[in-house]
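Colleague: I have the model open on my screen. Please take me through some local features.

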Amino acid sequence: QECANIYGSYQCYCRRGFYLKEDGHTCEDIDECSQSIGNLCVFECVNIPGRYQCACPPNGYTLSTSGHTCRDIDECTTGVHNCSRDQTCYNIQGGYRCLSFSCPPNYKKVSDTRCERNVCPANSADCQTSPLRITYYQLSFQPNIVIPAQIFRIGPSPAYSGDNIAISITRGNEENYFSTRKLNSFTGAVSSHAA
């Protein structure tokens with residue numbers, strides 16, 4: 001690639017990212033990705049002649065300004081999602097989820113995340129003992145969370161004598177990554193753990 005004049009002769013040398021082969025004339029590309037002791041790239045290292053380039057997963061990520069790490073694309077903020085008007089978009093690492101909920105029978109929707117019980121008939125004990133309101137929460141977890149970990153705690157504010165919390169996971173925990181626990185008569189917690 002380069003030739004240097006020396007007294008009575010010449011010498012070949014290679015540009016950065018290449019090495020001089022034993023014949024003293026030919027330059028060969030250095031594969032930085034395979035020869036790297038440390039991790040050059042967070043996701044994928046792509047060797048190109050004379051250098052390397054980092055790449056990210058094809059969907060949901062973009063290369064950060066450092067050129068070595070991948071940054072999550074927030075599809076909800078950028079508007080690049082296909083959630084309907086009745087759904088709420090929630091960003092997750094590498095993608096998004098369209099979530100919606102409907103209120104159980106005898107409840108009315110009062111906000112995007114809350115249902116309140118309709119007026120109970122006087123002779124309905126089941127209705128009288130059902131929760132006054134149901135609130136839906138969407139939780140986001142940081143990557144590499146140390147488990148077991150208490151991830152959510154709920155209770156009334158202020159608490160009154162006679163308060164009694166019922167906390168459970170009604171669906172979506174088929175792999176048993178989460179558990180619930182009643183901490184006292186008015187406070188409950190959700191924890192994550194290994195299945």
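**Loops, a hairpin and a surface patch**

Modeller: Asn 106 counts as partly exposed, because its relative accessibility is 33%, between the limits for buried (under 20%) and exposed (over 50%), with a 1.4 Å probe and protein chains only. This is a predicted model, in which local features need pLDDT of at least 70 and side-chain atom pairs pLDDT 80 or more, while totals for chains, interfaces and linings use all residues. Residues are numbered from 1 along each chain as its sequence is written, and side-chain values use heavy atoms, without hydrogens or water.

Colleague: Where does Asn 106 lie?

Modeller: Asn 106 is in the loop between β10 and β11 (107-109); strands are DSSP E runs of at least two residues, numbered from the N terminus. Asn 106 has a positive phi of about 75 degrees, although it is not a glycine.

Colleague: And what is phi of Asn 176?

Modeller: Phi of Asn 176 is near 60 degrees, again a positive value in a residue other than glycine. Asn 176 sits in the loop between β14 and β15 (178-184), and it is partly exposed because its relative accessible area is 46%.

Colleague: Back to β10, then. How many bridges join β9 to β10?

Modeller: Strand β9 (residues 88-92) is joined to strand β10 (residues 95-99) by 5 bridges, and the two run antiparallel; pairing requires at least two DSSP bridges. Ile 92 stands opposite Gly 95 in β10.

Colleague: What lies between those two strands?

Modeller: β9 and β10 form a hairpin with 2 residues between them. Gly 94, in the turn, has a positive phi of about 80 degrees.

Colleague: New topic. Which residues form the nonpolar patch on the surface?

Modeller: Tyr 137, Leu 139, Phe 141, Ile 145 and Ile 147 form that patch, with about 450 Å² of accessible area together. Patch residues have over 30% relative accessible area and no salt bridge, and nonpolar side chains are joined within 5 Å.

Colleague: Where is Tyr 137?

Modeller: Tyr 137 lies in the loop between β13 (133-135) and β14 (149-154). Tyr 137 is partly exposed because its relative accessible area is 48%.

Colleague: What about the peptide bond from Ile 147 to Pro 148?

Modeller: The peptide bond from Ile 147 to Pro 148 is cis, with omega near 0 degrees. Pro 148 is also placed in the loop between β13 and β14.

Colleague: Finally, what lies over the face of Phe 101?

Modeller: Lys 109 does, at 4.5 Å from the ring centre; the rule requires NZ of Lys or CZ of Arg within 6 Å of that centre and within 35 degrees of the ring normal.

Technical notes:
Patch = residues over 30% accessible without salt bridge, like charges linked within 9 Å, V, L, I, M, F, W, Y side chains within 5 Å. Areas by Shrake-Rupley, 256 points an atom, 1.4 Å probe, with all protein chains shown as cover. Salt bridge = Lys/Arg side-chain N within 4 Å of Asp/Glu carboxyl O. Helix = DSSP H or I, 4+ residues; strand = E, 2+ residues; numbered from the N terminus.
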